[in-house]
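Subject: Structure handover and findings

Hello,

Please find the structure below, with the sequence. My notes on it follow.

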Amino acid sequence: MLPVGIATARRMVEKHHYAAGASNTATYLHGLFTVGGVMDEYCWGAAWWIPPTKSAALATHPENWQGVLCLSRLVILPGIPKNACSFLLARSRKAIDSTRWPCLVTYADDWRGHTGSIYKADNWIYAGKTKPERTYTIDGVMTARKAGPVTRRHADMLALGATMVGAFAKHKYVYLR
């Protein structure tokens with residue numbers, strides 16, 4: 001596991017992750033590389049970490065909401081052994097500064113049938129389900145209602161050309177360090 005470039009990680013997410021897109025920034029971006037491979041073209045997977053929204057951070061760890069970091073995307077190329085995903089997750093988590101980020105959070109999407117088995121295997125704490133929220137896509141790319149300081153309303157999303165695919169809950173997982 002080594003740092004990976006954002007362009008490489010983005011290509012992997014766009015092609016192999018159900019969301020088909022990711023944020024423009026990353027706090028940590030770790031890649032899974034072949035033995036001896038250090039160039040981005042030898043990357044088999046990526047773990048993409050960003051701070052969550054303030055409301056999500058407060059709901060997760062109110063005593064230190066600014067110390068919450070979210071695993072936003074985790075992607076492994078097809079055909080890679082199953083344990084590669086948990087291998088990358090565990091090593092990525094351990095590489096994050098635990099003093100700066102004492103609380104990690106991630107979500108498994110009901111929309112895609114995910115339950116969070118990989119997080120359970122890595123000893124994350126199951127924190128229950130979130131309330132269902134509308135999920136939108138634009139040209140097949142999952143599109144967030146939150147854009148910087150603005151939270152778009154349903155009408156705003158439709159005006160952007162988004163399609164609402166339904167309202168779904170997420171399984172929430174927390175890792176305290």
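How many bridges join strand 5 to strand 12? The count is seven, between strand 5 (residues 103-109) and strand 12 (residues 170-176), and the two run antiparallel. Leu-104 has Tyr-175 of strand 12 opposite.

Before the rest, a note on the basis. This is a predicted model, in which local features need pLDDT of at least 70 and side-chain atom pairs count only at pLDDT 80 or more, while totals for chains, interfaces and linings use all residues. Residues are numbered from 1 along each chain as its sequence is written, and side-chain values use heavy atoms, with hydrogens and water left out. Helices (H or I, at least four residues) and strands (E, at least two) are DSSP runs numbered from the N terminus, and two strands pair if DSSP finds at least two bridges between them.

Seven strands make up an open sheet with mixed pairing, in the order 1-2-3-4-5-12-6. Its edges are strand 1 (2-3) and strand 6 (125-129); each has a single partner strand, so one side of each is left without a neighbour in the sheet. Helix 1 (residues 6-16) lies across strand 2 (28-33), strand 3 (43-50) and strand 4 (68-76), and runs at about 100° to strand 3. Axes here are lines fitted to C-alpha atoms, for helices over the stretch in contact, and angles run from 0 to 180 degrees between N-to-C directions.

A three-strand open sheet has the order 8-7-11 and antiparallel pairing. Strand 8 (141-143) and strand 11 (163-168) are at the edges with a single partner strand each, so one side of each lacks a neighbour in the sheet. On average, neighbouring strands of this sheet are turned by 35° against each other, direction ignored. Strand 7 (residues 133-138) pairs with strand 8 over three bridges and with strand 11 over five bridges. Thr-137 has Met-142 as its bridge partner in strand 8 and stands opposite Thr-163 in strand 11. Ile-138 is bridged to Val-141 of strand 8. Strands 7 and 8 form a hairpin with two residues between them, and Asp-139 in the turn has a positive phi of about 50°.

Cores

A nonpolar core is taken as a set of buried Ala, Val, Leu, Ile, Met, Phe, Trp, Tyr and Cys residues joined through side-chain atoms within 4.5 Å. Buried means under 20% relative accessible area, exposed over 50%, and partly exposed in between (1.4 Å probe, protein chains only). The largest core has 19 residues, of which Trp-49, Leu-71, Leu-104, Tyr-119 and Trp-124 touch the most other members. At least two residues each come from strand 3, strand 4, helix 3 (83-95), strand 5 and strand 12. Strand 4 supplies the largest share, four residues. Apart from this core lies another, of twelve residues, among them Val-13, Ala-22, Cys-43 and Val-75.

Leaving aside neighbours within four places in sequence, Leu-104 is in contact (heavy atoms within 4.5 Å) with residues including Trp-49, Leu-69, Arg-93, Trp-124 and Tyr-175.

Salt bridges

With a salt bridge defined as a side-chain nitrogen of Lys or Arg within 4 Å of a carboxyl oxygen of Asp or Glu, the count is four. One of them joins Arg-93 to Asp-122, with the closest N and O atoms 2.8 Å apart. Arg-93 is in helix 3 and Asp-122 in the loop between helix 4 (117-121) and strand 6, 29 residues apart. Arg-93 is buried at 8% relative accessible area, and Asp-122 is buried at 8%.

Asp-109 and Lys-170 also meet in a salt bridge (3.7 Å, N to O). Asp-109 lies in strand 5 and Lys-170 in strand 12, so the pair ties together parts 61 residues apart in sequence. Asp-109 is buried at 7%, whereas Lys-170 is partly exposed at 30%.

Arg-153 pairs with Asp-156 at 3.0 Å between the closest N and O atoms. Arg-153 is exposed at 54% and Asp-156 partly exposed at 27%.

Cysteines

There are zero disulfides (a pair of cysteine sulfur atoms within 2.5 Å) in the structure. For Cys-70 the nearest cysteine sulfur is that of Cys-103, 10 Å away; Cys-70 is buried at 9%. For Cys-85 it is that of Cys-43, 12 Å away; Cys-85 is partly exposed at 21%.

Regards
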